[in-house]
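Here's a quick tour of a protein chain, topic by topic. Have a look at the sequence and the 3D view first, then read on.

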Amino acid sequence: MSFNDAQVGPAQVERIAVYLRDANGTIHGGIVGFFAWSWLSVEWLWVAEEHRGHGHGSALLQEAERLAREANCVAVKLDTYEFQARPFYEGHGYDVFGILEGYPASSRTFYLRKLL
């Protein structure tokens, strides 16, 4: 860590999590990530299959972006598999900046970012 700190300053990592809960408190989705170096890194965004298509994923992403702006982040980065949510993220203003061929096997991983 000290090597990284000397090059670009301390990361000051702060974890975030926002959850989709029902009236009983049961979790049906969420977004988990962390702030570091003025960026939000999204590690997971998921919505249970039976709750998809109702805007919950959009609401989770927008809340994470709001928290990122509040924390003075300048951008968001995340990744998604070819068979997952690339069109969803692009519809929210994310741009592909990299592609990893063959991961997972016979597929691709797309790396996306959005400037805030």
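**A residue out in the open**

Let's start with Asn72, which is exposed, with a relative accessible area of 60%. Here buried means under 20% relative accessible area, exposed means over 50%, and partly exposed is in between (1.4 Å probe, protein chains only). Asn72 is found in the loop between helix 2 and strand 4, and its phi is near 65 degrees, a positive value in a residue other than glycine.

Before going further, a word on where this comes from. This is a predicted model, in which local features need pLDDT of at least 70 and side-chain atom pairs count only at pLDDT 80 or more, while totals for chains, interfaces and linings use all residues. Residues are numbered from 1 along each chain as its sequence is written, and side-chain values use heavy atoms, with hydrogens and water left out.

**The overall picture**

- The protein chain has three helices and six strands; helices (H or I, at least four residues) and strands (E, at least two) are DSSP runs, numbered from the N terminus.
- Picture a box of roughly 45 × 40 × 25 Å, taken along the principal axes: the C-alpha atoms of the protein chain fill it.
- Of the 116 residues in the protein chain, 34% are buried.
- The accessible surface of the protein chain comes to about 7,300 Å², and 52% of it belongs to carbon and sulfur atoms; such areas come from the Shrake-Rupley method with a 1.4 Å probe, and for residues only the protein chains shown count as cover.
- Take the contacts (heavy atoms within 4.5 Å) with a separation of 6 or more: residues 24 or more positions apart account for 47% of them.

**The nonpolar core**

- The largest nonpolar core has 20 residues, and those with the most contacts inside it are Ile31, Phe35, Leu40 and Tyr94. A nonpolar core is a set of buried Ala, Val, Leu, Ile, Met, Phe, Trp, Tyr and Cys residues joined through side-chain atoms within 4.5 Å.
- Strand 1 (14–21), strand 2 (27–36), strand 3, helix 2, strand 4 and strand 6 (108–115) each give two or more residues to this core.
- Helix 2 makes the largest contribution to this core, five residues.
- If you leave aside neighbours within four places in sequence, Ile31 touches several residues, including Ile16, Val18, Val42, Trp44 and Leu61.

**The pockets**

- What counts as a pocket? On a 1 Å grid over the protein atoms alone, a pocket is an open set of points where a 1.4 Å probe fits, with protein on both sides within 12 Å along at least five of seven lines; lining residues have an atom within 4 Å of a point.
- The largest pocket has a volume of about 600 Å³, where volume is the space filled by probe spheres set on the points, with grid points joined across faces, edges and corners.
- Its lining has 21 residues, and Leu45, Trp46, Gln84, Ala85 and Tyr89 lie nearest its centre.
- Which element gives the most to the lining of the largest pocket? Strand 3 does, with six residues.
- The lining of the largest pocket divides into ten nonpolar, eight polar and three charged residues. Ala, Val, Leu, Ile, Met, Phe, Trp, Tyr, Cys and Pro count as nonpolar, Asp, Glu, Lys and Arg as charged, and the others, Gly among them, as polar.
- The second largest pocket has a volume of about 150 Å³, and its lining includes Pro10, Phe35, Trp37 and Asn72.

**Backbone details and the chain's end**

- A cis peptide bond joins Tyr103 and Pro104, with omega about -5 degrees.
- Pro104 lies in the loop between strand 5 (95–101) and strand 6, and Ser106 has its place in the loop between strand 5 and strand 6 too.
- Ser106 has a phi near 60 degrees, a positive value in a residue other than glycine, and is exposed, with a relative accessible area of 82%.
- Leu115, in strand 6, is exposed, with a relative accessible area of 64%.
- The C-alpha atoms of Leu115 and Lys77 are separated by 8.9 Å, though the two are 38 residues apart along the chain.
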